[in-house]
Amino acid sequence: MLAKGFRVLGHAVRDEPHMFVWSVLGSVLFSLLTIATAFVSGRVVGEIVVPAFSRGSVATGTLVLGGLSVLAVSLGKIVGIFGRRLGAGAMQFNLQAKYRRAVTRRYLRLPLAWHQRHATGTLLSNANADVESAWYPIAPFPFAVGTVVMLVAAVASLFVTDWAMALVGLAIFPALLLVNVAYSRRMSPRVARAQQLRADVSAVAHESFDGALVVKTMGREASETERFAAKAVELRDATIRVGRVRAMFDPVLDALPSIGTLAVLVVGSYRFRSGAVGVEEVVSVAFLFTVLAFPVRAIGWVLAELPRSVVGWERIRRVLDAEGDTVYGTTELTGTAPAALRFDGVDFAYTDEDGAGPAVLSGVTFEVPAGRTVALVGPTGSGKSTVAALAARLVDPAAGTVTLDGVDLRELSQDSLTGATALVAQVPFVFDDTIRGNITLDRAGVDDGQAWKALRLAQADGFVGHLSDGLDTTVGERGTSLSGGQRQRLTIARALAGSPRLLVLDDATSAVDPRVEAAILAALRRDDGDTQAASILVVAYRRATIALADEVVYLERGRVVARGTHGELLETAPGYADLVTAYEKAEEEREREHAFDGDRLDDGRESAPRLDEETQPA
């Protein structure tokens, strides 16, 4: 544990050398002046206090000199304390900020598959609690390093003054080492458990907050409270166990210098009686040994925090050393015309950290010709969303290739890939920002004109135009002030604002009225009606949407079972016909329920008339 802890501290020194040197210099100044205080005190006692008692008077010059000496040493110590604390604080906070940014940047570089294997609460804990724990010893560390000078100077002064009392004093250091070894062995597993439980508590809390709607509507408040309370109690108990070990260590640490001082006074009294030393030497040695309490305590503070620091550092390193970065190529796509997408013999499996996992796609081959719309249809679990993720290169295939205009997606540069493709996911995500901020995302060239154009294509300009602040309307966290359909249209507008050459819609219009959905897809065609602004791959289940596609790709159990037009597949693919018919019946049932609810609303017997979604303020 000591070796690991010192390696962590070594990283800190290499990362922040200037602040470390500044704080150590302040600590050294404080340490040297503290040693000087011992000799000044001894001179004051020997030349001012003792003569004052024996003669009843002291020369004015001697008294003034003694006072000025004490004042000068005190002022110098103030300067040292200021430099030490300022440098140590800046060093600690700089390290925390640096590694929070490093962890966050690493999260952004790691692929989606890695994130799916780790709970959000754990990731939050890595970037917050673990970073703080890793650099917690930095506050006392420069002081401990600086007090080594104090320690060396004090020990040398002890031997110069009287070797016998010095040997007695040095006996506390082996005792300190033994105490710390025992402490580290008991502390390390307890700190590791506490850090893991902090992540677990964060994960439970995040999940409950994220699923607040489900918790409320299903009446699960009590069970969620109990689930959180159980983890919180575990964390409390683990933290108490850490505190108990610390509570045993701290008193022993504080007692060692006191025991040493008592032993020095006992030996010093015998030495004084034998005439080997005078009262001035005994006072100086006693004060010097009292001074030794500073370095002993400072070193003890650092040693006490090392187990927590090592655990936090190891949890951070697991993120920073994680493998599987999304590596981009250097090929740049040119042109603005719709791009052709092709899957060729693609296999894919969601694997765990050991590389094991069931196959999701097998031998998938199909094409989205430039300027055409292809609908992806299949039962639940057939791999449609995985195909959408592969098309946007959120994941890479285990075998086969996915190409855009004939170029493997893995060979494209990041800017070229993200500029040419846009994915609208099943669950719309809206930032706690304005309508404008959600659409533009501060992208170069995406101004208000582009935003309104994208809103018109997404059939969202109507409700945005009726909002009191228009594009400046703040939509709240996850777009809570908007309806589900409005959020979906806003995310479609965000994708379209970047003028992508390939648009991937992963069931992105499920909360939108079928007529609005049809209008969105129709609006993506240019004025001549023959060409589209982008090639479109749409995961669909509504017959009206599927019928708009130039081709339909039917998936079952991760394989392409049939391809062709909607009419062709109805005749040649029984599974497809059954699935679309089932979708259509379910859609008709929902429409009848909505119509029935609308009639009841129009009667006015149960509630006020419903406002139209397009004119209703969000």
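Trainee: Okay, which residue stands opposite Leu-502 in β7?
Mentor: That's Thr-421. Before we build on it, keep in mind that this is a predicted model. Here's the general idea: strands of a sheet pair through backbone hydrogen bonds, either parallel or antiparallel. In this case β6 and β7 (residues 502-506) pair in the parallel sense, over 4 bridges. Further along, Leu-423 has Val-504 in β7 as its bridge partner.

Trainee: And in what sense do β7 and β8 pair?
Mentor: Parallel, over 5 bridges. One of the places to look is Leu-505, whose bridge partner in β8 is Val-538.

Trainee: In what order do the strands of the sheet come?
Mentor: Read across, the order is β6-β7-β8-β3-β9-β10. Those 6 strands make an open sheet, and the pairing is mixed. β6 (421-424) and β10 (559-564) each have a single partner strand, so they are the edges, with one side of each left without a neighbour in the sheet. From one strand to the next, the twist averages 15°.

Trainee: What packs on the sheet?
Mentor: Helix α13 (residues 384-391) does, touching β3 (373-377), β6, β7, β8 (535-539) and β9 (551-556). Its direction makes about 155° with that of β7. Then look for helix α18 (residues 484-497), which lies across β6 and β7 and runs at about 175° to β6.

Trainee: How many residues of β7 are buried?
Mentor: 5 of its 5, so to speak a mostly covered strand. Check the side chains: Leu-502, Val-504 and Asp-506 point one way, Leu-503 and Leu-505 point the other way, and all are buried. For the chain, buried residues make up 44% of the 618 residues.

Trainee: How do I read a nonpolar core?
Mentor: The general idea is that in soluble globular proteins, nonpolar side chains tend to be buried together. Here the largest nonpolar core has 61 residues, and Tyr-99 and Trp-135 touch the most other members. Helix α12 (residues 279-320) gives the most to this core, with 15 residues. If you click on Tyr-99 and skip its neighbours within four places in sequence, you'll find contacts with Asp-15, Val-131, Trp-135, Trp-313, Ile-316 and Leu-320. Apart from that core lies another, of 47 residues, including Phe-463, Val-464, Leu-490 and Ala-534.

Trainee: What about a helix, say α7? How far does α7 reach from its first C-alpha to its last?
Mentor: It reaches 30 Å, close to the 30 Å expected at 1.5 Å a residue, and α7 (residues 141-161) has 21 residues. As a general rule, an α-helix has 3.6 residues a turn, so residues three or four places apart point the same way.

Key:
Residues are numbered from 1 along each chain as its sequence is written. This is a predicted model: local features need pLDDT of at least 70, side-chain atom pairs count only at pLDDT 80 or more; totals for chains, interfaces and linings use all residues. Side-chain values use heavy atoms; hydrogens and water are left out. Helices (H or I, at least four residues) and strands (E, at least two) are DSSP runs, numbered from the N terminus. The expected span of a helix is 1.5 Å times one less than its number of residues. Two strands pair if DSSP finds at least two bridges between them. Axes are lines fitted to C-alpha atoms, for helices over the stretch in contact, and angles run from 0 to 180 degrees between N-to-C directions. Contact means heavy atoms within 4.5 Å. A nonpolar core is a set of buried Ala, Val, Leu, Ile, Met, Phe, Trp, Tyr and Cys residues joined through side-chain atoms within 4.5 Å. Buried means under 20% relative accessible area, exposed over 50%, partly exposed in between (1.4 Å probe, protein chains only).
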